[in-house]
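Subject: Structure for you to look at

Hello,

I am passing on the structure we spoke about. Please open it next to the notes that come after it.

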Amino acid sequence: MTAEKNLQSLLAGMRPVQRDGEYVYVLWPHGRPLEGLIEAAVREAEGLTVVLPRAEADRLGLPYDFVAAWITLEIHSALEAVGLTAAVARALTDAGISCNVLAGFHHDHLLVPAADAQRALQVLADLSAESREAPRPGLRLRTETPADRDAILALTAEAFAVSPATGLPAVGEPVEVKILRALFDADEYLPELSVVAVLGDEVVGHVISTRGWVGSHELLGLGPISVTPRLQRQGIGSALMTESIARANVAGESGIALLGSTEYYPRFGFVPAASLGVLPPDEAWGGHFQLLPLALWPGGVHGTFRYAEPFERF
């Protein structure tokens with residue numbers, strides 16, 4: 001069976017299943033021959049750590065502190081897949097559940113506190129259900145054309161009539177509309193990464209990613225993303241995000257940065273950008289400035305992110 005790489009497919013089909021019993025981490029005594037039902041092992045400079053059933057550790061007289069439930073994500077995930085661990089860890093972190101991850105050739109495995117096992121299973125089931133959110137029937141995604149732009153600007157104005165930053169009605173034309181209008185004419189505009197969602201003949205959603213940088217390293221800056229208000233929460237935004245990520249990977253991009261909700265975007269694999277060494281243009285953004293490392297993410301990228309010029313102008 002071919003291993004899955006697509007994050008949305010991984011989340012939608014991960015099927016979390018709890019193994020029977022409780023499991024513990026043990027630092028194996030130096031010089032003692034290995035024995036018993038060892039499930040996993042990691043050798044470090046300080047010694048050998050093994051994971052084994054709690055009953056087996058008790059039988060062997062081995063001390064432990066952390067008692068865990070073992071949850072397997074029963075989808076064949078590729079070892080080079082990007083974002084699954086981040087999305088799962090974020091969901092469990094938001095629920096206040098610690099998580100230790102073991103990656104096998106076929107599956108990812110989570111060891112969570114035994115007392116939190118049922119809550120963890122519910123959190124993972126909810127995350128999977130959100131990822132299976134079906135877009136509205138008849139929805140089409142395609143590259144934006146100049147003929148779409150009046151409709152795009154109109155729906156963006158409607159979507160941002162209330163500022164997401166302040167929660168107050170926008171005064172005059174929303175700044176997102178001004179930025180978007182300028183992006184269409186900017187040097188950083190990337191035609192294939194400006195995507196519209198269409199129902200019938202109506203443009204009902206739009207997302208754009210434009211060139212950004214950390215130093216001389218090229219990244220993408222995503223946004224604005226807009227869905228006409230009457231059709232929000234119907235899977236259109238998720239479809240636009242998934243399409244953007246897929247197109248960016250095909251184009252050989254290494255990462256996507258954005259400023260947005262810390263509850264919504266982690267489901268697509270976004271993590272706080274600072275955790276990967278990429279700092280926001282405004283330090284006040286904190287964890288709301290997020291980054292998705294794509295398949296070609298090189299690591300070792302450090303510095304402050306720079307958006308396309310129109311973002312600085314407005």
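This is a predicted model: local features need pLDDT of at least 70, side-chain atom pairs count only at pLDDT 80 or more; totals for chains, interfaces and linings use all residues.

Residues are numbered from 1 along each chain as its sequence is written, and side-chain values use heavy atoms, with hydrogens and water left out.

Strand E11

Helices (H or I, at least four residues) and strands (E, at least two) are DSSP runs, numbered from the N terminus. Buried here means under 20% relative accessible area, exposed means over 50%, and partly exposed lies in between (1.4 Å probe, protein chains only).

Strands count as paired if DSSP finds at least two bridges between them. E11 runs antiparallel to strand E10 (residues 202-214), with 9 bridges joining the two; Ser209 stands opposite Leu222 in E11. The two strands form a hairpin with 2 residues between them, and Gly215 in the turn has a positive phi of about 60°. E11 also pairs with strand E12 (residues 255-259), in the parallel sense and over 2 bridges, where Gly221 faces Ala257 in E12. Together with helix H7 (residues 236-250), E11 and E12 make a right-handed β-α-β unit. Right-handed means that, with the strands pointing away from the viewer, the path from the first strand over the helix to the second runs clockwise.

In helix H5 (residues 149-159) the buried residues include Arg149, Ile152, Leu153, Leu155 and Thr156. Seen down the axis of H5, its buried residues fall within an arc of 165°, so they line one face of the helix; the arc is that of the directions from the helix axis to the C-beta atoms. Their cover includes helix H6 (175-184), strand E9 (194-199), E10 and E11.

H6 is mostly covered, with 7 of its 10 residues buried. What covers the buried residues of H6 includes H5, E9, E10, E11 and helix H8 (309-313); contact means heavy atoms within 4.5 Å. Among the buried residues of H6 is Phe184, at 7% relative accessibility.

The rings of Phe184 and Tyr189 have their centres 6.1 Å apart and their planes at 85°, so the pair is edge-to-face. Rings of Phe, Tyr and Trp (its six-membered ring) pair if their centres lie within 6.5 Å; planes under 30 degrees apart count as stacked, over 60 as edge-to-face and the rest as tilted. Tyr189 is buried too, with a relative accessible area of 15%.

Nonpolar cores

A nonpolar core is a set of buried Ala, Val, Leu, Ile, Met, Phe, Trp, Tyr and Cys residues joined through side-chain atoms within 4.5 Å. The largest has 25 residues, and those with the most contacts inside it are Ile236, Leu240, Met241, Ile256 and Phe270. The elements giving two or more residues to this core are E9, E10, E11, H7 and E12; its largest share, 6 residues, comes from H7. Apart from this core lies another, of 22 residues, among them Met14, Ile71, Ile75 and Ala117.

Leu127, in helix H4 (residues 117-131), is buried with a relative accessible area of 6%. Among the residues that Leu127 touches are Leu11, Met14 and Arg267.

Regards

Methods. Lists of a residue's contacts leave out its neighbours within four places in sequence.
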